[in-house]
Amino acid sequence: MKFIRLNTFCFFSLLFLFISNSAILSQSDIRKGFKFGIELKNYITEDIGTFNKSFGFTFGGFTGIKIYSFDKGTLLLRTELNFVKLQHHRPEQIYLNWYDSSFTVIDEKFTFGFLEFALMPTYHFNLDEKTSLDIFIGPSIGLGSKGLETKQINDVPLSYDPYDEYTMGFIQPTSLNVGISFYYKPLVFDLRYRYDYLSGVSRFNELTNLFLQVGIGL
């Protein structure tokens with residue numbers, strides 16, 4: 001499994017570097033850099049039960065390939081290679097013990113960590129010599145693993161394992177990203193909405209979130 005993960009990481013890294021180098025050779029005004037961000041919506045609104053507050057996060061690199069120039073802006077194809085960690089809480093989940101009809105109550109915290117590669121059409125325009133703005137929308141695809149933490153909150157023992165083999169296997173998330181990036185040289189501020197479809201997750205397979213990212217643009 002570790003060998004497969006290493007090969008996947010190498011594949012995504014080489015793909016990102018290939019596109020980045022191709023873009024650098026094809027134009028001189030390419031925008032590229034690195035960003036780190038945290039989730040906002042779920043952190044603020046999600047009921048976490050007995051768990052402590054914590055953030056999902058993302059970090060990675062980005063670059064842009066110029067497709068077409070307009071009078072006041074430029075159409076780019078933004079490419080990104082990111083590591084993403086998502087989390088989702090399900091408090092007070094009730095599991096029935098069939099032998100005596102008693103109930104066990106459990107708080108659940110699901111985590112998902114994966115590498116993703118994104119291709120997003122982007123409209124870029126300058127506001128002045130130091131500031132500019134990107135508006136983007138587009139998909140990403142990833143590969144990674146899933147984790148689970150549980151806390152039993154009543155004293156009724158459970159007669160079976162409801163999570164048997166849950167953390168085994170990979171997830172293959174596909175995502176839609178919509179947002180804006182504000183550049184104030186050399187800083188980048190990125191606000192984006194994410195919709196994630198988590199293939200391979202049995203209890204739920206859709207998550208939405210809002211991420212705020214900060215980085216350095218080159």
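Biologist: Let's start with I216: buried, partly exposed or exposed?
Modeller: This is a predicted model, to be clear. In it, I216 has a relative accessible area of 39%, so it counts as partly exposed. I216 sits in strand β8.

Biologist: Which nonpolar patch does I216 belong to?
Modeller: One on the surface, made of F34, L127, F182, Y184, L187, F189, V214, I216 and L218, with about 840 Å² of accessible area together. β6 (172-184), β7 (187-199) and β8 (206-217) each supply at least two of its residues.

Biologist: Okay, and how are the strands arranged?
Modeller: Eight of them close into a barrel, running β1-β2-β3-β4-β5-β6-β7-β8, with antiparallel pairing. On average, neighbouring strands are turned by 30° against each other, ignoring direction.

Biologist: New topic: which residues are linked in a network of salt bridges?
Modeller: K35, R78, E80, D134, D190 and R192. One of the pairs is D190 with K35, whose closest N and O atoms are 3.0 Å apart. That pair links strand β7 to strand β1 (residues 32-39), 155 residues apart.

Biologist: What about R192, which residue does it bridge to?
Modeller: E80, with 2.9 Å between the closest N and O atoms. R192 is in strand β7 and E80 in strand β3, so the bridge ties together parts 112 residues apart in sequence.

Biologist: And E80, buried or exposed?
Modeller: Its relative accessibility is 1%, so E80 counts as buried. R192 is buried too, at 3% relative accessible area.

Biologist: Where does D134 come in?
Modeller: D134 meets R78 in a salt bridge, 3.1 Å from N to O, and both are buried. D134 also stands opposite S181 in β6.

Key
Residues are numbered from 1 along each chain as its sequence is written. This is a predicted model: local features need pLDDT of at least 70, side-chain atom pairs count only at pLDDT 80 or more; totals for chains, interfaces and linings use all residues. Side-chain values use heavy atoms; hydrogens and water are left out. Patches are made of residues with over 30% relative accessible area and no salt bridge: like charges are joined within 9 Å, nonpolar side chains (Val, Leu, Ile, Met, Phe, Trp, Tyr) within 5 Å. Accessible areas come from the Shrake-Rupley method with a 1.4 Å probe; for residues, only the protein chains shown count as cover. A salt bridge is a side-chain nitrogen of Lys or Arg within 4 Å of a carboxyl oxygen of Asp or Glu. Helices (H or I, at least four residues) and strands (E, at least two) are DSSP runs, numbered from the N terminus. Buried means under 20% relative accessible area, exposed over 50%, partly exposed in between (1.4 Å probe, protein chains only). Two strands pair if DSSP finds at least two bridges between them. Axes are lines fitted to C-alpha atoms, for helices over the stretch in contact, and angles run from 0 to 180 degrees between N-to-C directions.
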